[in-house]
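Hi,

Here is the structure I promised to pass on. Please open it alongside this note; what I found follows below.

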Amino acid sequence: MAIYLDNAATSFPKPEAVYRAVDQALRHAGGNPGRGGHGLTLEAGRIVLDARESAARFFGVRNSERVVFTPSATEAVNLALFGLLTAGDRVLTSSIEHNAVRRPLYRLQQLGIEVVSLACDPDGRLDLDDLEQQASRGARLLAISHCSNVTGTLQPLVEIATVCRRFGVRLLVDAAQSAGHVGIDVGALGIDLLAVPGHKGLLGPAGTGLLCVAEDIRLEPLVYGGTGVNSTSLDMPDRLPERFEAGTPNVPGLAGLQAGIAWLEESGSDMIAARVDALTDRLRRGLEVVDRVKLFGPGADKVRGSVVSFVIEGQDPSVTAFHLDREYGICARAGLHCAPEAHRTIGTFPEGTVRFSPGPFTTETEVDQAVEAVSELARRA
Ligand SMILES: Cc1ncc(COP(=O)(O)O)c(C=O)c1O
């Protein structure tokens, strides 16, 4: 069996309940939700509603209609950015963002939006004074990732949200690497827009994601089409979530997502997070003492996400990942991880790093085997 240490890309394996829920939905809820009134349609609709209510509860969203399902975190970010911003707006972001944020912002820049990128330190941390200074000059939005997919750095969301509120800057949080690992209460934190993948920390299937939209945020839709309601109008409905959910939803995926969230809640999401944190620490501490291995991001004793980036000095990360896969059956990711600016920030551009990311089903033995494999490769390099 392969040792899967690529949960930051997508989590694997999933809890058994997720596989069962997808199977059940495909077999027994075959209708198209919101389209017609027969039993199978109603059953599919119930699955989508359950998933929405679970997600709302999990992220502290009072009105579940403000949870919009998308196929990925990327599309959730795109909906937030293209839906909110118009020419002349000024938007703040950071120097460690994933291309899911950088590329839509680059496109928006071409359409007349001013984009200001705040430099993070070599550990990937945002400078709060810098944020305050830029926010005081006025901005429509701050778009920032909660946890870096390259360094595992967790940004201080409470402080960031406080600055945003003080200066009337709306806050979009890309929670791709934190949702499911770190508790996020959008209501308590005052997050205006939260973009979440369903297939990473929430343990749902690929093809799922969501955007939480605050009550006083109005967005333009990203996708136009049938919603099962107001069919005579050529305009998209005003009502959420229909306004942003044109087309047939991913019912089996959402059934799996609901099961993933339920599994986290039943197992205790804090307990799961603590377990993954302990594995991440073990991995980091193990690699820290290996000769010729250089680690990036905050240290093992710091508050951090479940991502460990490293290089073997003198060896291209893609070569390390190749050997890990072929010789040791260890699945890791190498390269820029879709975040080139993050690598410029930490000094690993253009080769990037090797990234390990344990998940809830990773074992201590697997972590130790990974450390041993890297030690051997470092000795040979
Ligand atoms: C920080 C960050 N943002 C966004 C994404 C995109 O997520 P998705 O694959 O669900 O579109 C990722 C995926 O790796 C990520 O790490």
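Start with helix 5 (residues 128-136) and helix 6 (residues 157-167): their axes come within 9 Å and cross at roughly 20 degrees. Angles under 35 degrees count as roughly parallel, so helix 5 and helix 6 are roughly parallel to each other. The crossing of helix 5 past helix 6 is right-handed. On the helix 5 side, the contact uses Leu128, Leu131, Glu132, Ala135 and Ser136. Helix 6 answers with Glu159, Ile160, Val163, Cys164 and Phe167. By class, that contact holds 7 nonpolar, 1 polar and 2 charged residues. Keep in mind that this is a predicted model.

Next pair: helix 1 (residues 16-28) and helix 8 (residues 251-267). Their axes come within 8 Å and cross at roughly 150 degrees. The cut-off for roughly antiparallel is over 145 degrees, so helix 1 and helix 8 are roughly antiparallel to each other. Helix 1 passes helix 8 in a right-handed crossing too. Helix 1 brings Ala17, Val18, Ala21, Val22, Gln24, Ala25 and Leu26 to the contact. Among their partners in helix 8 are Val251, Pro252, Ala255, Gly256 and Trp263. The contact of helix 1 with helix 8 has 12 nonpolar and 4 polar residues, and no charged ones.

Some backbone details to check. Most peptide bonds are trans, and most residues other than glycine have a negative phi. Phe12 and Pro13 are joined by a cis peptide bond, with omega about -5 degrees. Pro13 sits in the loop between strand 1 (3-4) and helix 1. The bond from Phe349 to Pro350 is also cis, with omega near 5 degrees. Pro350 lies in the loop between helix 11 (340-346) and strand 13 (353-356). Leu203 is not a glycine, yet has a positive phi of about 70 degrees. Its place is the loop between strand 7 (193-197) and strand 8 (209-213).

Last, the whole chain. It has 12 helices and 13 strands. Its C-alpha trace spans about 70 × 55 × 30 Å along the principal axes. What radius of gyration would a compact globule with 381 residues have? Near 21 Å, and the chain has 21 Å, so the two agree.

Best wishes

Definitions and conventions
Residues are numbered from 1 along each chain as its sequence is written. This is a predicted model: local features need pLDDT of at least 70, side-chain atom pairs count only at pLDDT 80 or more; totals for chains, interfaces and linings use all residues. Axes are lines fitted to C-alpha atoms, for helices over the stretch in contact, and angles run from 0 to 180 degrees between N-to-C directions. Helices (H or I, at least four residues) and strands (E, at least two) are DSSP runs, numbered from the N terminus. Angles under 35 degrees count as roughly parallel, over 145 as roughly antiparallel, 65 to 115 as roughly perpendicular and the rest as oblique. A crossing is left-handed if the near helix is turned anticlockwise from the far one by less than a right angle, and right-handed if clockwise. Two residues are in contact if their C-beta atoms, placed from the backbone, lie within 7 Å. Ala, Val, Leu, Ile, Met, Phe, Trp, Tyr, Cys and Pro count as nonpolar, Asp, Glu, Lys and Arg as charged, and the others, Gly among them, as polar. The radius of gyration is taken over C-alpha atoms; the globule rule is 2.2 Å times the number of residues to the power 0.38.
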